[in-house]
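Let's take a friendly walk through a protein chain together. Have a look at the sequence and the structure below, and then read on.

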Amino acid sequence: ARPAGGSARGAIAGTALTALSVGALAATAGLDGLPGMVSAGLAYIVLFVGCAVTGLLCLEMTHKAVTAAERTTVTSTSSLSLQSGGILANLTLGVLATQAGLSAAWGVAAVVMLSSALLFVRMPAVTGSSPAQVLPARSGSG
């Protein structure tokens, strides 16, 4: 987040990195042999780095934006929306890959991923203090 200038900008950068790696998978889907394996392997490594950065920063922004009492509900809602997106992607991208080819499916996934970066554009700046009450640390065993 520091190099990007904040958590929201870092999440945008992570999302863009993920979208670019999926775009690379689309561009190299037709490669066979060693070049295909190397390009796909590198694209997947970059994809997981981008997803990790975005996921971590989203968790940080969520933690700072809601109180402890709201956190469970927000986490459950986030999980449900992630699962719903996965279901939708499995139903549509599989059909698209069968009918139009693997490159087309990866391309659509890249565009959807890049479009999702727009969700972070209007995020309010994180103040650094959570609205949740911080409990004092306990020491000892009892």
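T18 has a relative accessible area of 2%, so T18 is buried, since buried means under 20%. Keep in mind as you look that this is a predicted model. You can find T18 in helix 1. Setting aside residues up to four places away in sequence, T18 touches L47, G50, C51 and M113.

Is S21 buried or exposed? With a relative accessibility of 3%, S21 counts as buried. Apart from neighbours within four places in sequence, S21 is in contact with A43, V46 and L47.

A26 is in helix 1 as well. The relative accessible area of A26 is 12%, so A26 is buried too, given that buried means under 20%. Which residues does A26 touch, not counting those up to four places away in sequence? They are S103, W106 and G107. Take W106 as an example: A26 and W106 are 80 residues apart along the chain, yet their C-alpha atoms are separated by 4.8 Å.

## The whole chain

Now step back and view the chain as a whole. How many helices and strands does the chain have? There are four helices and zero strands, and from the N terminus on the order reads α-α-α-α.

The chain has 142 residues, and 20% of them are buried. Among the contacts with a separation of 6 or more, 79% join residues 24 or more positions apart.

## Helix 2 and its partner

Helix 2 runs over residues 33–65. Its 33 residues should span 48 Å at 1.5 Å a residue, and the end C-alpha atoms are 47 Å apart, which agrees.

Which residues of helix 2 are buried? They are G36, S39, A43, L47, G50, T54, L57 and M61. These buried residues pack against helix 1. To picture this, remember that an α-helix has 3.6 residues a turn, so residues three or four places apart point the same way.

## Helix 3 and the glycine after it

Helix 3 covers residues 68–100. At 1.5 Å a residue, the 33 residues of helix 3 should span 48 Å, and with end C-alpha atoms 46 Å apart the model agrees. Just after helix 3 comes G101, which takes a positive phi of about 110°.

## The largest pocket

Next, look for the open space in the model. The largest pocket has a volume of about 1500 Å³. Its lining is made of 35 residues, and T54, S81, L82, M113 and S116 lie nearest its centre. Helix 1, helix 2, helix 3 and helix 4 each give two or more residues to this lining. Which helix gives the most? Helix 3 does, with 12 residues.

What kinds of residues line the largest pocket? By class, there are 21 nonpolar, 13 polar and one charged.

An unreviewed UniProt entry annotates residues 36–59, 80–98 and 104–121 as "transmembrane region". In the model, residues 36–59 are 100% helix and 0% strand, with end C-alpha atoms 34 Å apart. Residues 80–98 are also 100% helix and 0% strand, and their end C-alpha atoms are 27 Å apart.

How values were computed: Residues numbered from 1 in each chain as written. Predicted model: local features only at pLDDT ≥ 70, side-chain atom pairs only at ≥ 80, totals over all residues. Heavy atoms only, no water. 1 Å grid on protein atoms, 1.4 Å probe; cavity = no way out; pocket = protein on both sides within 12 Å on 5 of 7 lines; lining within 4 Å. Points joined across faces, edges and corners; volume = space filled by probe spheres on them. Nonpolar A, V, L, I, M, F, W, Y, C, P; charged D, E, K, R; others polar. UniProt positions renumbered as here; feature names shortened; annotations may be inferred. Expected span 1.5 Å × (residues − 1). Buried < 20%, exposed > 50% of the residue type's maximum accessible area, 1.4 Å probe, protein only. Contact = heavy atoms within 4.5 Å.
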